[in-house]
Amino acid sequence: MKDSGKFGLGLFISTILIIVDVVLLLTEKIEVGIFVAILILSLIFLIIPILLFRKRRISLSETSIDIAAPFVSLDIPYESVQSIHTFNSIKLTLRTFGYGGISVRCGEFIHSTLGSVVCACDEKIPMFIMIVTEKKKVILNLESLDSTKLFLSQIESQCGKKAVKEEYILSDEEKRKNKRNTRIAIGAFVSVIAIVAVIVIIVMSIGSVNVILTDTDMEIDATMMNKTIPYSEIDSVEIVTDLDYGYRVAGTSNSKVLTGSFENDDFGRYYLAVYKDVSESIVVHTAEKVYVVNLVDSESTVNLYNELLTRLNLS
């Protein structure tokens, strides 16, 4: 499979995982911790294809220049070469499709003065060869400066053209195409950022706390937290206002809820499941742990407290 195919498959799987992940989170089928785990898994599916990318292979056959690199597979006939140019450095401003590692650039890029180019080069090598055909411009180099210079002389010999240093002027059509490609690439980048921002906003603004009182126990069902407390283990309960929740040890903390394991000066390590904008909270003391909960509003919290007292025969 070609590198583009590998990456495309990884991108498809990753996208499906993210969509399913967000839907499950919005419908509260999974907790935030599972959401994060699936999100990390989706990113792994993007990274694996990159690790499997082939190395650059640039060679000359009897009739053409053969280039095989991540996202690049070209056979450029010698007769199609219109001009050859060399540069000491290349500053690629935008990647439209391809791979950009620490220094290796492979794929389609946009250069501020050269326009749209296909790259199979290493920016650490201080020499770049640009081959211009009727349809595209290809920038390449080899693993070292000496091998790149030798390769240039071989290309010049095969094509019957002398390399020109740095001189290249964009045509009006290339300028228009360059602007169009730049707008498309920037639009795609902004779209990705917007999608990521939406996901972050969703994660930071959802969550729920539910407390169910059965005949035998108190069940806390909250985002990233599920606890069952038998009535027989409860020593006392109280309702407090504006409690200092302390800091989170493990769990969820966003603009809507606080859930999980927390620690403060009053209780030490305890379990918390509350809505942040509700000032009242119920403190449940057992011999081993302290649990602090509330519901979606003050009235519901007070009603829960009174019902809990009734269940415990403490009213």
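Which helix does Phe 12 lie in? Some notes on that and a few other spots follow.

1. A word on the model before anything else. The model is predicted, so local features need pLDDT of at least 70 and side-chain atom pairs count only at pLDDT 80 or more, while totals for chains, interfaces and linings use all residues. Residues are numbered from 1 along each chain as its sequence is written, and side-chain values use heavy atoms, with hydrogens and water left out.

2. Phe 12 sits in helix 1, residues 3-26 (helices are DSSP runs of H or I with at least four residues, strands are E runs of at least two, and both are numbered from the N terminus). With a relative accessible area of 55%, Phe 12 is exposed (exposed is over 50%, buried under 20%, partly exposed in between, with a 1.4 Å probe and protein chains only).

3. Phe 12 also belongs to a nonpolar surface patch of about 540 Å², together with Leu 9, Ile 16, Ile 19, Val 20 and Val 23. Patch residues have over 30% relative accessible area and no salt bridge; nonpolar side chains (Val, Leu, Ile, Met, Phe, Trp, Tyr) are joined within 5 Å and like charges within 9 Å. Areas are Shrake-Rupley values with a 1.4 Å probe, and for residues only the protein chains shown count as cover. A salt bridge is a side-chain nitrogen of Lys or Arg within 4 Å of a carboxyl oxygen of Asp or Glu.

4. There's a positive patch too, formed by Lys 135, Lys 136, Lys 177, Lys 179, Arg 180 and Arg 183. Lys and Arg count as positive; His and the chain ends are not counted. Charges are placed at NZ of Lys and CZ of Arg. Arg 180 lies in helix 4 and is partly exposed at 38%.

5. Further along helix 4 you'll find Ile 201, exposed at 56%. Its C-alpha is 9.5 Å from that of Ser 255, 54 residues apart along the chain.

6. Ile 206 is in the loop between helix 4 (172-205) and strand 11 (209-213). At 17%, Ile 206 counts as buried.

7. Strand 4 (83-87) pairs with strand 10 in the parallel sense over two bridges (pairing takes at least two DSSP bridges). Thr 86 has Lys 165 of strand 10 as its bridge partner.
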